[in-house]
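Please look over the structure below before reading on. The notes after it are arranged by topic.

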Number of protein chains: 2
Amino acid sequence: MSTKPTNDSVTLEWTDLDKRAVDTARVLAMDAVQKVGNGHPGTAMSLAPAAYLIWQKLLKHDPTDPDWAGRDRFVLSPGHTSMTLYTQLYLSGYGLTLDDLKSFRTWGSRTPGHPEHGHTAGVETTTGPLGQGIANAVGMAMAARYERGLFDPEAAEGASPFDHTIWAIVSDGDLEEGISSEASSLAGHQKLGNLVALYDDNHISIEGDTETAFSEDVLKRYEAYGWHTLRVEPLPNGDIDVEALYAALRAGQAETGRPTMIALRTTIAWPAPNAQNTAKSHGSALGADEIAATKKILGFDPELTFEVSDDVLAHARLVVDRGRAARAAWDERIAAWKKANPDRAETFARVSKRQLPTGWEKAIPAFEGGKAMATRKASGKVLEALGEVVPELWGGSADLAESNNTTIDESSSFLPAGNPLKSADPYGRTIHFGIREHAMGSTMNGIALHGGTRVYGGTFLVFSDYMRPAVRLAALMKLPVTYVWTHDSIGLGEDGPTHQPIEHAAALRAIPGLDVVRPADANEVAVAWRTILSHTDRPAGILLTRQDVPTFERDEHNSAEGTARGGYILAEASSGLPQIVLIGTGSEVQLAMQARETLEAEGIPTRVVSMPSVEWFNAQDQAYREHVIPPAVKARVSVEAGIALGWREIVGDAGKIVSLEHFGASADFKTLFAEFGITAEAVVTAARESLRAAGA
Amino acid sequence: MSTKPTNDSVTLEWTDLDKRAVDTARVLAMDAVQKVGNGHPGTAMSLAPAAYLIWQKLLKHDPTDPDWAGRDRFVLSPGHTSMTLYTQLYLSGYGLTLDDLKSFRTWGSRTPGHPEHGHTAGVETTTGPLGQGIANAVGMAMAARYERGLFDPEAAEGASPFDHTIWAIVSDGDLEEGISSEASSLAGHQKLGNLVALYDDNHISIEGDTETAFSEDVLKRYEAYGWHTLRVEPLPNGDIDVEALYAALRAGQAETGRPTMIALRTTIAWPAPNAQNTAKSHGSALGADEIAATKKILGFDPELTFEVSDDVLAHARLVVDRGRAARAAWDERIAAWKKANPDRAETFARVSKRQLPTGWEKAIPAFEGGKAMATRKASGKVLEALGEVVPELWGGSADLAESNNTTIDESSSFLPAGNPLKSADPYGRTIHFGIREHAMGSTMNGIALHGGTRVYGGTFLVFSDYMRPAVRLAALMKLPVTYVWTHDSIGLGEDGPTHQPIEHAAALRAIPGLDVVRPADANEVAVAWRTILSHTDRPAGILLTRQDVPTFERDEHNSAEGTARGGYILAEASSGLPQIVLIGTGSEVQLAMQARETLEAEGIPTRVVSMPSVEWFNAQDQAYREHVIPPAVKARVSVEAGIALGWREIVGDAGKIVSLEHFGASADFKTLFAEFGITAEAVVTAARESLRAAGA
């Protein structure tokens with residue numbers, strides 16, 4: 001996969017109008033922050049030449065079609081300098097207007113404080129939480145390679161319509177965050193030659209000089225990761241040397257065997273006479289006087305705000321014509337490719353819309369009742385089966401593949417040419433994320449942002465904490481990625497409290513927009529995967545056991561199809577009208593089933609509800625929900641090997657919750673369940689208490 | 001602060017008995033894993049020479065007093081190879097018996113799957129979640145320097161009884177995790193010359209060869225961080241070259257200007273004939289045949305298990321005598337120091353017991369009612385005031401000091417000699433963690449583990465997600481560290497949804513053993529800090545507003561002292577007997593107060609409960625809790641600018657919850673509260689609904 005420069009000329013054309021456009025971006029950034037009274041002007045000013053250079057002279061894009069599949073991608077990892085991006089979107093003609101810039105950081109505007117994907121055209125990813133953007137970019141670069149493998153693997157390097165470049169700007173803050181280390185080490189290992197990152201080396205962070213906390217040799221660190229590194233020195237006046245930067249960016253794009261990191265020394269808030277090179281300019285409006293002084297330096301009228309001259313705008317907007325031309329050329333190439341590859345063209349069209357192949361769900365296995373199987377194992381079988389029919393489904397694990405059962409194809413690892421492993425294939429199916437849960441989450445976001453493939457990633461549930469910021473961003477961006485979180489309770493046994501999730505199911509359910517699914521048996525796993533993959537507008541986590549659990553006899557009990565509705569009646573009360581409802585998730589549903597036997601034997605008509613997904617259940621209409629948990633039946637018990645948090649909402653005042661309110665311990669799982677009172681007996685006792693409380 | 005070698009001889013004494021002791025550790029590791037049937041034998045076998053070398057020949061320790069303040073610290077970052085540590089604790093005479101090793105990973109044993117601090121004598125920190133250990137070690141090294149500054153700042157390098165070395169073993173997994181990058185970059189910046197880390201470079205991770213995911217040049221990366229780096233090659237037979245390793249460890253200890261990283265090439269599971277150098281040996285028992293074969297190679301009886309010869313044990317246990325001698329020498333030095341520094345000796349004794357100075361709480365300011373002040377600002381004033389009287393209180397921020405109001409002393413930054421900043425002081429008070437929330441959390445754990453100082457660290461509440469794994473470990477280890485989490489709701493305004501916590505208060509309350517405190521006004525902040533610091537057995541997070549909130553008139557309303565009980569009646573119903581109880585936290589308590597005015601005007605006796613800490617409230621006796629929220633009053637409304645999760649437990653079936661169930665937006669905070677319906681009007685409406693539901 002190539003990322004050869006699209007522009008054949010190596011000489012930069014850089015006119016006075018270009019210079020003026022850059023200064024216009026600086027002025028707009030100052031004015032927009034000043035108008036709203038808060039924001040981050042400094043970096044938007046100093047980086048304006050770099051951003052303009054990329055957007056006007058390097059980025060392959062068509063501002064009239066921000067979703068063009070052939071486009072380069074641009075990621076602004078330091079999202080706080082959103083004006084860096086908004087000014088270029090405005091100058092390039094993405095539909096953002098001067099009024100939009102004037103309403104920066106205000107209610108309903110298209111220019112929120114941090115760039116939000118799906119909210120503003122041309123914003124490829126939501127950034128702000130530092131380090132996420134560069135990791136997203138790594139994911140995009142991985143996706144570009146995988147997609148090329150799906151659609152055009154035989155093409156010579158640089159010859160495919162699926163070849164393009166991922167550009168990223170990163171800041172000190174991004175590089176201090178551990179997630180950037182994880183993702184950058186992975187990018188080096190993966191030899192992502194289609195990735196070019198520009199490091200804004202401005203020596204300033206919020207607490208002042210980076211000497212407060214950050215003195216490492218960044219380029220040496222990136223060399224250690226296997227990146228191609230370059231340094232660009234500033235002009236004597238402190239501004240960016242545009243010619244030198246252009247040469248470096250071109251060199252980065254031309255290097256297709258490794259990712260590139262370019263360190264660009266900048267002066268924050270340049271050329272503001274007093275604010276430049278200060279931490280204050282990072283996060284505060286400059287003030288009217290300083291802005292006026294800066295405008296004078298730049299040759300702008302200090303009395304005017306949001307001053308954009310027509311010739312500057314017209315000049316910058318020429319990028320639309322260039323973009324359309326590039327697009328037209330690409331359209332011809334893709335048409336030729338489609339003609340030559342009709343089947344792949346169909347797949348491309350389908351994947352682009354995130355439509356799964358017709359009949360895909362028929363491949364999902366059904367599991368025989370009456371046996372015992374860990375739900376992680378069932379999940380592995382579902383993935384293997386889906387692997388045969390859904391080529392856009394790929395993923396892996398953060399070095400726990402064998403434990404997570406996430407290997408979709410053992411013979412095909414996503415690893416670059418030259419990797420010594422036998423399974424290595426640049427277009428391989430199984431991703432080895434390494435022991436990097438956070439980067440896994442964030443590169444998965446990048447993969448979903450880049451195109452229509454469906455990616456999953458596995459680790460132990462307890463380590464969902466390591467990737468939580470990325471999970472939150474997936475939910476915020478509504479990205480259809482799937483987390484395979486196994487070893488989902490004290491049921492993992494001997495590894496002990498550091499590895500046993502207690503609060504995690506509840507804490508994940510807390511994230512708005514994330515589906516948390518904890519199937520009770522193998523057949524619920526099958527329906528859960530089917531349901532998860534049928535959604536294209538949200539992330540989901542599937543919580544799976546290490547230990548075996550019974551595969552319920554579905555002839556005796558209700559179908560696992562109810563999984564798709566989040567909660568369903570697994571076993572009805574003998575009378576048909578329950579006196580008590582027992583509600584369980586995952587491995588604890590079997591305890592509810594055992595408790596039901598005891599209670600029924602005592603003459604208490606008992607219903608068991610399996611509730612694999614509270615989110616899916618809450619999305620059902622009231623009639624269904626009240627059918628499953630009748631309002632009139634106040635005696636209710638929930639059982640889950642985790643904290644009680646959240647269950648009161650479902651069981652009500654008279655309900656009882658069988659839960660675990662403390663950390664686990666190292667022992668075999670049967671001992672742990674018994675010692676910690678997560679047992680059928682505990683459910684029976686709770687049921688009796690709830691019946692009393694309900695006055696039933 | 002020096003970490004000069006304590007052993008003057010540079011020549012290693014290494015007898016056949018030492019060799020035999022190492023092989024005994026290997027055999028015990030194999031046998032213990034085999035007996036329980038699961039665990040991680042491979043690394044415990046290959047690392048045995050390194051661990052034995054450190055524990056017997058380098059570590060300054062007294063096995064008869066694991067809490068000796070003058071001891072070196074040893075951190076095993078890859079906690080899964082816990083047998084590496086347990087075998088040395090056994091051989092060194094820490095009280096761990098052969099029976100303890102035989103009950104490895106079983107219920108109630110002193111040898112759980114991963115080492116647990118506070119559970120097994122000699123375990124300095126709980127490890128298992130990868131990357132945490134090395135970050136803990138960095139924190140310990142920081143604490144050693146800060147404590148030296150408190151107690152013995154004038155001593156020449158290496159001459160103080162407070163000088164010692166922090167030793168750490170790290171694995172591939174530790175180095176892949178981003179937290180290790182954050183902590184290691186910080187350690188380099190801080191020039192922590194008292195830290196020596198040994199990297200077990202075995203080229204194997206769970207998914208197989210590290211070529212799956214990890215090919216960076218680790219030592220080059222550490223050079224980039226400013227570390228001293230060394231490499232130790234193996235013997236031709238694949239075993240560790242003990243002489244060369246000893247020289248390297250000594251060189252690391254002698255290097256006092258920088259932390260040291262030693263890459264040690266090892267062969268996992270050496271010398272097992274078939275299992276060595278395989279991923280399987282990492283996480284699975286070797287099996288009886290392989291163990292027998294290995295025992296033969298090592299000259300042990302393949303028929304025996306847990307074979308320890310008396311002479312080997314006696315030889316290893318000589319470390320007790322050496323430890324006692326070192327301890328006695330230290331006792332003399334510390335006695336001399338005490339005599340020369342009676343005041344400091346008193347402080348040392350006090351801090352060692354985590355006792356705060358007499359009358360410390362009197363320094364905490366009271367705030368005038370009727371004004372408005374952001375709670376973060378009040379917190380800053382409390383910290384500044386406490387700074388004057390509590391020298392062991394120190395901390396900082398992950399590069400948000402000005403926003404978090406966490407600077408306890410602006411003139412004194414914890415930064416090494418040679419740092420160009422004016423405030424730099426190796427013993428400085430204010431920690432600049434950098435944009436590294438995760439490392440902040442984990443180094444705070446290391447600081448609390450090392451000694452009795454009280455550390456706090458700040459960031460935005462939303463970024464508590466970045467440090468969550470470290471927070472969980474603080475709770476698991478019961479460490480008294482304090483998180484200052486400001487910008488605690490949509491009240492932060494323009495930065496938008498990436499920065500606005502929605503689910504975080506609930507998700508943090510989910511962590512067992514963590515106190516979450518969200519004060520309503522400046523005086524609640526004061527009591528909250530006092531209460532938090534009075535606890536020495538748990539971490540706490542204090543959630544603070546960016547925006548101003550009213551400082552309540554305590555003459556009119558009840559005292560903020562109620563904060564210490566978690567929840568209290570702030571404003572009583574006019575009748576004394578409420579018809580409805582409104583419960584709020586933080587900035588939303590003012591909404592409850594406003595709603596109370598409306599409801600009272602309508603003739604509804606309304607009580608307002610401020611509930612800064614659900615954990616503290618739940619710790620009160622039932623009588624108090626029912627006094628605050630009478631069971632008979634079923635009409636209840638909670639209001640918090642976050643998700644509802646958890647509040648049903650408090651408001652009950654008839655209660656109503658004013659909450660926010662979706663992500664925020666970028667706008668000024670007043671607009672956000674109004675648009676999202678977190679208003680006094682919404683509380684009034686909810687109150688009317690709850691009154692109806694309660695049939696009141």
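What follows is a short briefing on selected contacts.

The model is predicted. Over all chains, it holds 70 salt bridges.

**Salt bridges in chain A**

- A:Asp331 and A:Arg327 form a salt bridge through their side chains, with an N to O distance of 3.0 Å.
- Both residues belong to helix H13 of chain A, which covers residues 310-340. Because A:Asp331 and A:Arg327 are four residues apart in this helix, about one helical turn separates them.
- A:Asp331 is partly exposed, since its relative accessibility is 32%. A:Arg327 has a relative accessibility of 18%, under the 20% limit, and therefore counts as buried.
- A second salt bridge joins the side chains of A:Glu494 and A:Arg546, at 3.7 Å from N to O.
- This pair connects distant parts of the chain, as A:Glu494 and A:Arg546 are 52 residues apart. A:Glu494 sits in the loop between strand S14 (482-486) and helix H19 (504-509) of chain A. A:Arg546 sits in the loop between strand S16 (540-544) and strand S17 (548-550) of chain A.
- A:Glu494 has a relative accessible area of 9% and is buried, whereas A:Arg546 is partly exposed at 31%.
- A network of salt bridges links A:Lys19, A:Asp23, A:Arg26 and A:Asp239.

**A salt bridge in chain B**

- In the salt bridge between B:Asp163 and B:Arg148, the closest N and O atoms are 2.6 Å apart.
- B:Arg148 is in helix H6 (132-151) of chain B, while B:Asp163 is in the loop between this helix and strand S2 (166-171), so the pair ties together parts that are 15 residues apart in sequence.
- Are B:Asp163 and B:Arg148 buried or exposed? Both residues are buried.

**Two loop residues**

- B:Thr256 is found in the loop between helix H10 (242-254) and strand S7 (260-265) of chain B.
- The relative accessible area of B:Thr256 is 16%, so this residue is buried.
- Which side chain does the side chain of B:Thr256 meet in a polar contact? The partner is the side chain of B:Glu157, at 2.7 Å.
- A:Pro480 is placed in the loop between helix H18 (468-477) and S14 of chain A.
- With a relative accessible area of 3%, A:Pro480 is buried.
- Leaving out residues up to four places away in sequence, A:Pro480 touches A:Arg354, A:Arg454, A:His535, A:Thr536, A:Asp537, A:Arg538 and A:Pro539.
- A:Pro480 and A:Leu304 are 176 residues apart along the chain, and 46 Å separates their C-alpha atoms.

**Two helices in chain A**

- Two packed helices are described by the angle between their axes and the distance between the axes.
- The axes of helix H21 (residues 589-601) and helix H26 (residues 680-693) of chain A come within 8 Å and cross at roughly 55°.
- An angle of roughly 55° falls between the limits for roughly parallel, under 35 degrees, and roughly perpendicular, 65 to 115. H21(A) and H26(A) are therefore oblique to each other.
- The crossing of H21(A) and H26(A) is right-handed.
- On the H21(A) side, the residues that meet H26(A) are A:Leu591, A:Gln594, A:Ala595, A:Thr598 and A:Leu599. On the H26(A) side, they are A:Ala680, A:Val683, A:Val684 and A:Ala687.

Methods. Residues are numbered from 1 along each chain as its sequence is written. Chains are lettered from A and ligands numbered from 1 in the order in which they are written. This is a predicted model: local features need pLDDT of at least 70, side-chain atom pairs count only at pLDDT 80 or more; totals for chains, interfaces and linings use all residues. Side-chain values use heavy atoms; hydrogens and water are left out. Buried means under 20% relative accessible area, exposed over 50%, partly exposed in between (1.4 Å probe, protein chains only). A polar contact is a pair of N or O atoms within 3.5 Å; within protein, one must be able to donate a hydrogen and the other to accept it, and residues adjacent in sequence count only if both atoms are side-chain atoms. A salt bridge is a side-chain nitrogen of Lys or Arg within 4 Å of a carboxyl oxygen of Asp or Glu. Contact means heavy atoms within 4.5 Å. Axes are lines fitted to C-alpha atoms, for helices over the stretch in contact, and angles run from 0 to 180 degrees between N-to-C directions. Angles under 35 degrees count as roughly parallel, over 145 as roughly antiparallel, 65 to 115 as roughly perpendicular and the rest as oblique. A crossing is left-handed if the near helix is turned anticlockwise from the far one by less than a right angle, and right-handed if clockwise.
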